[in-house]
Amino acid sequence: MLQAQGLKKAYGKLVAVDGISFEVNKGETIGLLGPNGAGKTTTVSMIAGLLAPDAGQVLIDGKPVTGDTNPVKRKIGLVPQDLALYDELPALANLELFAALYDISGAKASKAIDAALELVGLRDRAKDKVATFSGGMKRRLNLAAALLHDPSVLLLDEPTVGVDPQSRNAIFDNLETLKSRGKTLVYTTHYMEEAERLCDRIVIVDHGRVVANDTLAGLYRRLPATNKLLIDLVDGSKLSDPSALKAVPGVQSAELIGNRLSVWLKDLSDGAPGVLAWLATGGHPFDHVSSEAPNLETVFLTLTGRSLRDS
Ligand SMILES: Nc1ncnc2c1ncn2[C@@H]1O[C@H](COP(=O)(O)OP(=O)(O)OP(=O)(O)O)[C@@H](O)[C@H]1O
Ligand SMILES: [Mg+2]
């Protein structure tokens with residue numbers, strides 16, 4: 001459905017996108033994940049045809065997205081990172097403007113606007129000025145604006161930034177509805193929980209390059225140890241050498257801080273019983289056991305050596 005091939009873009013000396021390629025199948029949702037400045041918005045802008053790449057091309061259904069009047073562009077809807085709304089106009093008038101941009105008018109426009117407002121749950125606020133909307137409502141209207149021409153590919157550039165949890169959930173529900181209608185979604189975010197919830201596949205971008213392109217399960221398989229077992233020992237000082245736990249099958253590494261023992265395991269079911277038995281028979285009683293599943297943050301850290309959030 002969508003192919004980004006060798007996209008490059010430099011701003012002066014700064015190379016923002018340095019050869020990004022990926023494909024998205026019809027009906028698939030991919031997450032474009034990366035820290036601030038990774039080149040996500042620049043990539044999405046090139047896919048939407050708003051920014052001409054220095055090199056590479058974008059294909060939709062095998063046809064290149066180029067030029068201002070290219071009909072291929074109509075297959076794409078963009079929900080921009082920066083809100084593109086007129087605060088002093090009612091929601092309805094904003095959507096009428098967007099419809100006009102796509103040459104949709106009359107009954108066709110009314111129908112499209114009504115359906116979009118219905119989807120994002122803003123029908124009863126249609127006549128109110130955008131200035132009276134909450135941040136979350138503005139984000140939802142921003143999404144509605146991108147849907148009017150019924151695009152088959154929807155590019156969402158951090159659509160939940162500055163949004164309260166309730167609106168965030170509403171936006172997620174909207175996106176799940178669109179997904180179930182067979183839309184192809186490219187979801188840009190630096191929130192790993194969002195990508196984990198919504199996306200079939202994740203493309204991780206860092207410094208303008210793709211560092212991984214895989215399903216969640218596939219990404220997790222790349223981790224040296226995917227699960228962390230946390231054990232609160234009754235008396236940590238009695239365990240003088242936690243690295244001795246590496247003798248237990250499936251244990252990758254172990255660390256003791258105070259009474260808290262952390263053990264990294266390739267597989268929780270295979271490894272945990274042995275660890276607990278080793279502690280019990282070795283005279284190290286414990287009073288609490290828990291585990292942490294791997295997440296994209298761990299994947300990102302492993303792939304780039306840096307944290308996703310604060311890099
Ligand atoms: N119009 C521009 N002029 C100059 N430099 C730019 C411009 N737009 C982006 N950049 C730079 O290009 C790099 C990539 O920016 P981009 O906005 O694509 O990143 P991003 O991954 O979307 O980041 P964020 O998570 O903050 O939105 C950054 O270093 C940014 O400063
Ligand atoms: Mg951005």
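Q: Which residue in E7 is the bridge partner of Ile76?
A: Val153 is the bridge partner of Ile76 in E7. This is a predicted model: local features need pLDDT of at least 70, side-chain atom pairs count only at pLDDT 80 or more, and totals for chains, interfaces and linings use all residues. Residues are numbered from 1 along each chain as its sequence is written, while chains are lettered from A and ligands numbered from 1 in the order in which they are written.

Q: What makes E6 and E7 a pair?
A: Pairing needs at least two bridges found by DSSP. Four bridges join E6 to strand E7 (residues 153-157), so the two strands pair. They run parallel.

Q: Which helix packs on the sheet and touches E6 and E7?
A: Helix H4 (residues 135-147) does, and its direction makes about 165° with that of E6. Contact means C-beta atoms, placed from the backbone, within 7 Å. Helix H9 (residues 296-304) also packs on the sheet, touching strand E3 (29-33), strand E9 (201-206) and E10. The direction of H9 makes about 45° with that of E9.

Q: In what order do the six strands of the open sheet lie?
A: The order is E6-E7-E8-E3-E9-E10, with mixed pairing. Strand E6 (76-79) and strand E10 (209-214) are the edge strands, each pairing on one side only. Neighbouring strands are turned by 15° against each other on average, direction ignored.

Q: Why are H2 and H3 called oblique to each other?
A: Helix H2 (residues 91-101) and helix H3 (residues 106-120) pack at about 125°, with axes 10 Å apart. Angles under 35 degrees count as roughly parallel, over 145 as roughly antiparallel, 65 to 115 as roughly perpendicular and the rest as oblique. H2 and H3 are therefore oblique. Their crossing is right-handed.

Q: Which residues of H2 and H3 meet?
A: Leu92, Leu95, Glu96 and Ala99 in H2 meet Ala109, Ala112, Ile113 and Ala116 in H3. These residues divide into seven nonpolar, no polar and one charged. Ala, Val, Leu, Ile, Met, Phe, Trp, Tyr, Cys and Pro count as nonpolar, Asp, Glu, Lys and Arg as charged, and the others, Gly among them, as polar.

Q: What makes a residue part of the shell around ligand 1?
A: Its C-beta atom, placed from the backbone, lies within 6 Å of the ligand. The shell holds 13 residues, the closest being Tyr11, Ala16, Lys40, Thr41 and Thr42. Strand E2 (14-24) and helix H1 (40-47) are the elements that give two or more residues. H1 gives the most, with three. The shell divides into four nonpolar, eight polar and one charged.

Methods
Axes are lines fitted to C-alpha atoms, for helices over the stretch in contact, and angles run from 0 to 180 degrees between N-to-C directions. A crossing is left-handed if the near helix is turned anticlockwise from the far one by less than a right angle, and right-handed if clockwise. Two residues are in contact if their C-beta atoms, placed from the backbone, lie within 7 Å.
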